[in-house]
Amino acid sequence: MAGSSERSAADHALHLLRELAPQVLGVVARRHGDFAAAEDAVQEAVIAAAEQWPVAGIPTNPRGWLYQVSMRRMNDHLRAEMARRRREDVVATDRFANEPFVPPPDADLGVDEDDTLVLLFMCCHPALTPPSAIALTLRAVGGLTTAEIANAFLVPEATMAQRISRAKSNIKASNVPFSMPTDTERAERVRAVLHVLYLIFNEGYASSVGADLQRTDLSNEAIRLTRAVHRLLPSDGEVLGLLALMLLTDARRAARTDADGQLIPLDEQDRTLWDDHLIAEGIALVSEALSKGSVGAYQLQAAIAAIHDEAARVEDTDWPQIFALYGVLEQMSDNPMVALNRAIAAAMAKGPAVGLELLTALDTDARMRGHYRLDAVRAHLLEMSGDHERAVIHYRAAAERTMSIPERNYLTTKAARLAANQRGSTTNGEE
Amino acid sequence: MRYMLMMHAPGGSAGGDWQINNWSPEDFKAHIAFMHSFNKELTSAGELVGAEGLASPGEAKVVRATKGGGAPAVTDGPFPESKEFLAGYWIVEVDRLERAYALAAKVSAAPGHGGAPLNMPVEVRQVMSGPPTDA
C-alpha cells in the first residue's frame, strides 16, 4: 500500500539520518573547530534531508550529501561572518576561505569513530546543566530534530531551541577544544556521559511529566546511544553495566502498563510478556562486566535487575541476594533512593519489621522530606505487616505527593482497596 | 474558537480531596476510565488542543510579590476561601460555544462515589486570540 511504503521510506530516511548526522557533525566540527556553528549547519542539513529524502529518495551517497549541504551552510555562515568582520575593519584571514569546500560525492570523509566520542564528551560537558546536556546530546549525537526533542519532553519547540542554543554558547564560552580529552579527564567525562544517557533512559522509562507513563522514543534513543558508546569503549565495565541495566529494565516494558496505560508494579506483572532476548543479552553483558573485577554502581543495579528478570515467578525472586547487592550499592553511593530500595529488599528477605526499621533512618534525611516514594514504600511495608489502617494513611499521603498521574492512580487505588477491605471486615465484625 | 474548560473538584476535609477516601476501588476505576474515554473522544474528534491534570492542592503554594520589592510572600495551599480547587483543565477547539458547554457538562458529570455523577463546576472561558488580520 502506498501509505505504508511511504511511511517506511520516511522511517528509513529518519533512521539513516540519526546514524549519519553525528558522523558528519564530527567531521565538520573537526575541520572547522567551531562546534556551535557546525552543529547549526548540520542541523539545517538534517532538516533539509528529512524533507527531501522521503519524497525524492535517498541519495546514493547519503553521507556525502549531508556533508555537502552542511559545508555549504557552514560556508554561508563563514562568508556572512567575514563580511561582518570586514565591515568592522578587521583583517579576515580565514583558512577556509580559499579551500574548495565541496568534495566529490564519493570522497572519503575521514569519518572517525572517535569523533562520536568527542561529540559525546562535548555535549555532556560538566559545565552544562543536565537538561541542557540531555537536549544537546539528543540533537548533536542522537540526530533528533529540535521539534522531536521538544515533543519528547513536552515543551514548546521554541523553549527547546532556546535551551539548545544556550548550551552551545556555554560550550563556546568554556573554550573546550573539539578534541579528545586527556586520559585523566577522560574517565571523569565518561561518567558524565553515562549519567546523561541514564537520565535520558529514565525519562523515557518512567516519565516524570504528563499522563503517559513511558516515552519509548527516549528510552530507545538512550539504548541506541549507549550501544554506540559500548562499541567505542568495549572494555569499560560501567558502560557494560549501564547498557545491561537499560536492556534488563526495558525487557519488562510490555508488562509494565495495562491497556489503559496504568502502572503495573513488578510483583504484579505478567512475566511471560517480558522480552527474553533482551534479558539474555543484558545478563550476558552484566556477567561480562562483573567478570572484569571492577564494581560500579551501574553494574550493581544491572545485577539487581538481572536477579528480578531471572525469576519466572515473583516468589522465586532471590531477595537475600538483592538485599546484599543494595548493601554494596549503599556503601558506594550516598543516595537515599538506594537506601529506600534496600529497605524493600530487607522486608522481602527478612520480614516487614526489618524493612520498616531501616526506613526510620530516612525520616531525618532532608533529601527525602515530603518525597512520595518514602510514603509509598512505608505504606507497602505496613500493608505487608498487616497494619492496614496506617498503610491507607501513607498510601494516601503518597498519592497526594506524586507528580505522576499513573502513579497517583495506582496509589489511590491501593488506598481505596485496603480501606474497602477494612470497612468490609468492620461490618462483618459487627454482625 | 478555543475554550478553556477548568474542572473544579470538591476540596478535602475528613473525606479527602474529591471525598475520595469514601470511594471504592471500583468507583475510582470507573472515574479513570471515564476520563480516559473523554480524552480519547476529544482527540479523535480533533477538538483537543491541550490538557493537564494538576498535582494535589496539598502541594499548592500561593506566591505574592510584596510592596517595595521585599521578599515575596509564599503561603501554603490553594486560595483558602475557596471550597473547590482547580484539578485540571482542557483547551478545546470547537465551532460553537454550545459545543464547549456540552463538553463541560459531560465532564462535570464524571462518576464519583458509588458511580454517582460528581456534577463538578466546570468554568468555561474563551481563549483570547492574536490581533485581527488585515483583510
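Predicted model: local features only at pLDDT ≥ 70, side-chain atom pairs only at ≥ 80, totals over all residues.
**Exercise 1. Work out the order of the open sheet of four strands in chain B, and find its edges.**

*Solution.* Step one: list the pairs, where a pair takes at least two DSSP bridges between two strands. Strand E1 (residues 2-10) of chain B, for instance, pairs with E6(B) in the antiparallel sense over five bridges. Within E6(B), Gln126(B) is the bridge partner of Tyr3(B).

Step two: write down the order, which is E2-E5-E1-E6 in chain B, with antiparallel pairing. Strands E2 (48-53) and E6 (122-126) of chain B are at the edges with a single partner strand each, so one side of each has no neighbour in the sheet. From one strand to the next, the twist averages 20 degrees.

H1 (residues 25-44) of chain B lies across E2 and E5 (84-93) of chain B, at about 160 degrees to E2(B). Axes here are lines fitted to C-alpha atoms, for helices over the stretch in contact, and angles run from 0 to 180 degrees between N-to-C directions.

**Exercise 2. Is Asn119(B) buried or exposed?**

*Solution.* First locate Asn119(B): the loop between helix H2 (97-108) and E6 of chain B. Its phi is positive, about 50 degrees, although Asn119(B) is not a glycine. Then count neighbours: buried takes 20 or more other C-beta atoms within 10 Å, exposed 12 or fewer, and partly exposed is in between, with C-beta atoms placed from the backbone. Asn119(B) has 11 C-beta neighbours inside 10 Å, so it counts as exposed. For chain B, 18% of the 135 residues count as buried.

**Exercise 3. Which element gives the largest share of the side of chain A that touches chain B?**

*Solution.* Contact means C-beta atoms, placed from the backbone, within 7 Å. By that test, 14 residues of chain A meet 14 residues of chain B. Helices H18 (388-401) and H19 (405-430) of chain A are the elements giving two or more residues to chain A's side. The largest share, eight residues, comes from H19(A).

Definitions and conventions:
Residues numbered from 1 in each chain as written. Chains lettered and ligands numbered in written order. Contact = placed C-beta atoms within 7 Å.
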